[in-house]
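Okay, let's get going, I'll keep this short. Have a look at the screen while I bring the structure up.

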Amino acid sequence: VEDNNAPTAVSLSNNVIEENSEMYTVIGELTVTDADLTQTHECQLLTHADVFTVVDNTSLAVGNFTLDYETLRYYTVEVECYDNDVLNPLSVTKSFLINVTDVNDAPVLTLSKLNISENNAINTILGTISADDPENDLVTLTLSDTADQAFNLTGDSTIIVQQTFNYENQSSYSITVTAVDDGEPSATSHTSFTITVLDENDAPTDILLTNYAVLEDAGVGALVGNLSAIDSENDTFIYSIISTTDYFTISDDGLVVATSLDYERDSLYVITIQAEDIDDELSFYQRSVTIEVINVNEAPEILLWSGTTVNENETVGSTVSEITVTDEDGDTVSCTVNDSNTFYTQSQDSQDESTILLILSKSLNHERVDSHIVTLTCNDNVSMTQEIKVIDVNEAP
């Protein structure tokens, strides 16, 4: 049996590798010099096993590591190669200098700010793009995806917004910035950024009132209409009247009557209502509304009888009493009497009131009837009863 001879040398076919090479990229082949020509060999790394590896027993390759020329340009790798003798395997050790060569790296981009509040002004600056180029090359930036022209790149590196954002409509946008350096050859990177729209408390956009009219005889506290606000966030609001008025007030989110109304005095009221966010006094909306007072027919009022006596034997056709009747609606007043055989009425209208003449329709006799109970009935069944006394007159024998 021949003695096993130890291998005497190891050579590496190549010791140069580009930075950023992928895992298992072969750097060079390891060749073992051994007097025993029939033997095969297996090599392993004694140093930098975290950076390099051996594949297929004798190929030196890149391991699970990213080589970076700017970080470290040279590695001294110690390799040990064994022969395949079963009883007495022998080895040889050799160090190799691995040279990492430079490759033009693409720029790395960052954006100084990745969010913006909604309701922003157009041309608001979002942030600044910073380009980190490992070789310190000159970098040119372009905005290759503007999110439907929502953003724009101005100057060399400033991102501005081209529209007013609404969080409720869209809460984020994606933009892409392309960077090209002037290295040889040039390197290009495409970096996407997600821009978040921050929610703000939006002011309401309108105030609704369920009803805009009220009867003039509605009492104090009567509801005119319920109030609500149009708001994208469905917030809770406090309602108030900010214009000067004594006739209406707010109660339980409703517009109510505060004092007696009179169509003949005022038939329309213009008031300004404010809806204020209960959690944000700066978030409010104001709206002017016109409230119509609806006329209600009001009965006339019998105020005064000018006379309540009449002499017996008074001439037929004489006026016994002038009765004053008012009607707030300005309607024409007509009246009748119950004792139409004795009296009749005649109207004399003026602008504000009517005078009803109670006229004698037959001759009276105190000795026969000394008084008459007269009931005057006017529009809307308003009536008043008055005693008309017949005065005795000394009659010749």
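So, is Asp206 buried, partly exposed or exposed? Asp206 counts as partly exposed, because its relative accessibility is 25%, where buried means under 20% relative accessible area, exposed over 50%, and partly exposed in between (1.4 Å probe, protein chains only).

Quick housekeeping: this is a predicted model, with local features needing pLDDT of at least 70 and side-chain atom pairs counting only at pLDDT 80 or more, while totals for chains, interfaces and linings use all residues. Residues are numbered from 1 along each chain as its sequence is written, and side-chain values use heavy atoms, with hydrogens and water left out.

Back to Asp206. Its partner in a salt bridge is Arg287, with the closest N and O atoms 3.9 Å apart; the term means a side-chain nitrogen of Lys or Arg within 4 Å of a carboxyl oxygen of Asp or Glu. That pair links distant parts of the chain, 81 residues apart: Asp206 sits in strand 17 (residues 206-209) and Arg287 in strand 24 (residues 280-294). Strands here are DSSP runs of E, at least two residues, numbered from the N terminus. Arg287 is partly exposed too, at 26%. Searching the whole structure turns up one salt bridge.

Now the cysteines. We get two disulfides, meaning pairs of cysteine sulfur atoms within 2.5 Å. Cys43 bonds Cys81, sulfurs 2.0 Å apart, tying strand 4 (residues 41-45) to strand 7 (residues 74-83). Cys43 is buried at 6%, and Cys81 is buried at 0%. The other pair is Cys335 and Cys378, again 2.0 Å between sulfurs, and both are buried.

Key: Helix = DSSP H or I, 4+ residues; strand = E, 2+ residues; numbered from the N terminus.
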